[in-house]
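I opened the model to look up a few residues and how they sit together. My entries follow.

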Amino acid sequence: MKRMMMICLQGIGAGLAISIGGTVYLSVEQPVVGSVLFAVGLYAIVLNGLYLYTGKVGYLVEQEKPAPYLMLLLATWIGNLLGTAAGAALILQTRVGSGLRERVLGICQTKLGDDPFSILILAVFCGILMYVAVDGFKSKENPLILIFCVSVFILCGFEHCIANMFYFSLAGVWSAKTFGYLLVMTLGNSLGGMLIPALKRVQP
């Protein structure tokens, strides 16, 4: 239980880092610039060993005993949700909060107006890129891999469940439908994140 609490706290830290990335993305007018700057959130996470669900889920494939790792992922996801909710709540208490809320509301309406299967596909592609980013940084320690993967998933409109936790909280659009869409995004990110490591295991 103590370990799960510590993991959840690390997840909260990661959620706050993603909140910073989301805030800077919403604060600039140029999408390319915003997508590049968003990567500061992921860089802060991997640099400090924080727990981000989309950075951890791909390694589920490698676990001989998946049950403990599933518990780790659950604690991480909950921590990410709490961290992004806290980040959004704090931003809304500042002078920039109202402007960002107006901007993100349209983004959230587009996401929640989409078909769930479309959301799932977009989340799968995002999951692939997140695995490539985190595993690539782990092996090469080159931040460019993080920047490129984050920029691509944002510019393509792929769905990242943790970033969307922040956007939904900032926009104040939580509902049963919103939570359902978040679960679809989480499933897609999970499937995408596990795809490459699963393929590695079946290589001849």
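I looked up Asp135 and found it buried, at 18% relative accessibility. Buried here means under 20% relative accessible area, exposed means over 50% and partly exposed lies in between, with a 1.4 Å probe and protein chains only. This is a predicted model, in which local features need pLDDT of at least 70, side-chain atom pairs count only at pLDDT 80 or more, and totals for chains, interfaces and linings use all residues. Residues are numbered from 1 along each chain as its sequence is written, and side-chain values use heavy atoms, with hydrogens and water left out.

Next I checked the partner of Asp135. Asp135 forms a salt bridge with Lys200, with the closest N and O atoms 3.6 Å apart; the term needs a side-chain nitrogen of Lys or Arg within 4 Å of a carboxyl oxygen of Asp or Glu. Asp135 lies in helix H6 and Lys200 in helix H9, so the pair ties together parts 65 residues apart in sequence. Helices are DSSP runs of H or I, at least four residues, numbered from the N terminus. Lys200 is partly exposed at 43%.

I counted the salt bridges: the structure holds two. Lys111 and Glu159 also meet in one, at 2.8 Å from N to O. Lys111 is buried, with a relative accessible area of 12%, and Glu159 is buried, with 4%.

Last, I looked at Ser151, which is placed in helix H7 (residues 143-156). Ser151 is buried, with a relative accessible area of 8%. Not counting residues up to four places away in sequence, Ser151 touches Ser35 and Val36, where contact means heavy atoms within 4.5 Å.

Key:
Helices (H or I, at least four residues) and strands (E, at least two) are DSSP runs, numbered from the N terminus.
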